[in-house]
Amino acid sequence: LTARKAVIAANIVNVIFNTMHERSKTTVRTGEPTSVSECFLEYKRLILAHSSAAVKSEAPDAAVGSLTVPEVRQLTDFLSGTLFQHFALYQCVLVCPQETTTHILELEIEHARSPPNLGSAKKQAQGANTPVIVGVT
């Protein structure tokens, strides 16, 4: 994909995520989140508007025809196997408020002891001229 096509695909997915946060217009109960079928219809509208097929059909809201038919198929297969297949999971995690538990702990951290005064240390030769510093008593 070119950078332009990647931006178009990312924006389509972004619009679908934003649609998930809206309230459904077709469910019986007022206030329910948007259903998977409503999100897919919005995806279908957007993908057709940005495909080369839209330019040929002269749709009123047709874009430049940035996405080719194989690219539309790839994006649709990907979203069908991820977002739309696990729609309820994504909706629970991204849309519905989650209960959180916060644990607060107070810890007392010991400060490191001051190092010994190395000015009064004695050097002790050991082995092959390797000096070892011995602490002061």
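Author: Gladly! Let us begin with a word: a residue is buried if its relative accessible area is under 20%, exposed if over 50%, and partly exposed in between, using a 1.4 Å probe and protein chains only. This is a predicted model, in which local features need pLDDT of at least 70 and side-chain atom pairs count only at pLDDT 80 or more, while totals for chains, interfaces and linings use all residues. Residues are numbered from 1 along each chain as its sequence is written, and side-chain values use heavy atoms, with hydrogens and water left out.

Reader: What makes Thr-19 count as buried?

Author: Its relative accessible area is 9%, so Thr-19 falls under the 20% limit and is called buried. Thr-19 sits in helix α1.

Reader: How do you know what counts as a helix or a strand?

Author: Both are DSSP runs, numbered from the N terminus: helices are H or I with at least four residues, and strands are E with at least two. By that rule the protein chain has five helices and two strands, in the order α-α-α-α-α-β-β from the N terminus. Of its 137 residues, 24% count as buried.

Reader: Why are α1 and α2 called roughly antiparallel?

Author: Two packed helices are described by the angle between their axes and the distance between the axes. Here the axes of α1 (residues 3-20) and α2 (residues 36-49) come within 10 Å and cross at roughly 155°. The axes are lines fitted to C-alpha atoms, for helices over the stretch in contact, and angles run from 0 to 180 degrees between N-to-C directions. Angles under 35 degrees count as roughly parallel, over 145 as roughly antiparallel, 65 to 115 as roughly perpendicular and the rest as oblique. The angle of roughly 155° is over 145, and therefore α1 and α2 are roughly antiparallel.

Reader: Which residues of α1 and α2 meet?

Author: Contact means heavy atoms within 4.5 Å. On the α1 side there are Ile-12, Val-15, Ile-16, Thr-19 and Met-20, and they meet Cys-39, Glu-42, Tyr-43, Leu-46 and Ile-47 of α2. These residues divide into eight nonpolar, one polar and one charged. Ala, Val, Leu, Ile, Met, Phe, Trp, Tyr, Cys and Pro count as nonpolar, Asp, Glu, Lys and Arg as charged, and the others, Gly among them, as polar.

Reader: What does Ile-47 touch, and is Ile-47 buried or exposed?

Author: Leaving out residues up to four places away in sequence, Ile-47 touches Ile-12, Leu-67, Val-72 and Leu-75. With a relative accessible area of 5%, Ile-47 is buried.

Reader: What makes Thr-34 buried?

Author: Thr-34 lies in the loop between α1 and α2. Its relative accessible area is 4%, which is under 20%, so Thr-34 counts as buried. A polar atom of the Thr-34 side chain lies 2.8 Å from the backbone oxygen of Thr-19.

Reader: Why is the pair Thr-76 and Tyr-43 called a polar contact?

Author: A polar contact is a pair of N or O atoms within 3.5 Å; within protein, one must be able to donate a hydrogen and the other to accept it, and residues adjacent in sequence count only if both atoms are side-chain atoms. The side chains of Thr-76 and Tyr-43 make such a contact at 2.7 Å, so the distance is within the 3.5 Å limit. Thr-76 belongs to helix α4 (residues 69-81) and is buried, with a relative accessible area of 18%.
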